[in-house]
Amino acid sequence: MISNLQNKKKLSKRLKERAIFEGFTISGIASIPGSSRIKLRTNALERWLSNSYHAEMKWMESEKRKNISSLLENAKSVLCVGFTYINSQKQNNHFKVGKFSQGEDYHKVIYKKLKNIGRWINIEKPQCKWKICVDTSPFLEKVWAEESGLGWIGKNSNLINKKNGSWFTLGFLILTEDLIPDTPHESLCG
């Protein structure tokens, strides 16, 4: 008889493999509400906001940003993925344009891939609800990516992965399924 823990481990492994199959470079899982580091990073956000470092970006004050569970009722896990935006397309030599903006709109690309994963998880676990977050949700993206083991937040405030540097964009699938989390990444920026 297969235990519930074995089933969770198997599903968690297959979910991360599915993310790689869909074209993501890296994938990891974090458990909600997360480790004590989530609280530390949330407190840092609150200090940043209280010092008005966000200037006129009032959308940064959203309470939802501080509580991932407010984005999806009964959220238990989050699949975090990184999508490499370095591509082999011909570079535009006439304008200086960020590499992440060359090619297709990464919001749409990542959203479509995460939607495919959501459909896949519903075949495995029909009762599972999910929500996609790609760069536009009130969500501490880099914090949850660090929590899932994808990399660490560097002094430059970018998420850095040992193998891929910071050459990727992030996407997230918040799930009501309780999965096995990966070990949070330790900071390597001294």
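Biologist: Among contacts in the protein between residues at least 6 apart in sequence, what percentage joins residues at least 24 apart?
Modeller: This is a predicted model, in which local features need pLDDT of at least 70 and side-chain atom pairs count only at pLDDT 80 or more, while totals for chains, interfaces and linings use all residues. Residues are numbered from 1 along each chain as its sequence is written, and side-chain values use heavy atoms, with hydrogens and water left out. Contact means heavy atoms within 4.5 Å, and among contacts between residues at least 6 apart in sequence, the share joining residues at least 24 apart is 75%.

Biologist: In what order do the elements of the protein run from the N terminus on?
Modeller: Helices (H or I, at least four residues) and strands (E, at least two) are DSSP runs, numbered from the N terminus. The protein has four helices and six strands, and its elements follow one another as α-β-α-β-α-β-α-β-β-β.

Biologist: Which are the edge strands of the open sheet of four strands?
Modeller: Two strands pair if DSSP finds at least two bridges between them, and in this open sheet, where the pairing is antiparallel, the order is β1-β2-β6-β3. An edge strand pairs on one side only, and this holds for β1 and β3.

Biologist: Which residue in β2 is the bridge partner of Ile26?
Modeller: β1 and β2 pair in the antiparallel sense, and six bridges join them. In β2, the residue that Ile26 has as its bridge partner is Gly82.

Biologist: Which residue in β6 stands opposite Ile132?
Modeller: β6 runs antiparallel to β2, to which eight bridges join it, and there Phe172 of β6 is the bridge partner of Cys80. Strand β3 (residues 130-133) also runs antiparallel to β6, with four bridges between them, and the β6 residue opposite Ile132 is Leu173.

Biologist: Are the residues of strand β6 (residues 168-175) mostly buried or exposed?
Modeller: In a regular strand the side chains alternate between the two faces of the sheet. In β6, Phe168, Leu170, Phe172 and Ile174 point one way, whereas Thr169, Gly171, Leu173 and Leu175 point the other way. With buried meaning under 20% relative accessible area, exposed over 50% and partly exposed in between (1.4 Å probe, protein chains only), eight of the eight residues of β6 are buried.

Biologist: At what angle does α3 run to β6?
Modeller: Axes are lines fitted to C-alpha atoms, for helices over the stretch in contact, and angles run from 0 to 180 degrees between N-to-C directions. Helix α3 lies across β2, β3 and β6, and its angle to β6 is about 30°.

Biologist: How far apart are the axes of helix α1 (residues 4-21) and helix α3 (residues 106-124)?
Modeller: Two packed helices are described by the angle between their axes and the distance between the axes. The angle between α1 and α3 is about 150°, and their axes are apart by 10 Å.

Biologist: How many nonpolar residues does the contact of α1 with α3 have?
Modeller: α1 and α3 are roughly antiparallel to each other. From α1 the contact takes in Leu11, Arg14, Leu15, Arg18 and Ala19, and from α3 it takes in Ile117, Trp120, Ile121 and Glu124. Here Ala, Val, Leu, Ile, Met, Phe, Trp, Tyr, Cys and Pro count as nonpolar, Asp, Glu, Lys and Arg as charged, and the others, Gly among them, as polar. By class, there are no polar and three charged residues in this contact, and the number of nonpolar residues is six.

Biologist: What is the relative accessibility of Asn74?
Modeller: Asn74 is placed in the loop between α2 and β2 (77-84), and its phi is positive, near 65°, although the residue is not glycine. Asn74 counts as exposed because its relative accessibility is 54%.

Biologist: What is the relative accessibility of Ser157?
Modeller: Ser157, in the loop between β4 (152-153) and β5 (159-160), also has a positive phi, of about 70°, without being a glycine. Ser157 counts as partly exposed because its relative accessibility is 38%.

Technical notes. Parallel < 35°, antiparallel > 145°, perpendicular 65-115°, else oblique.
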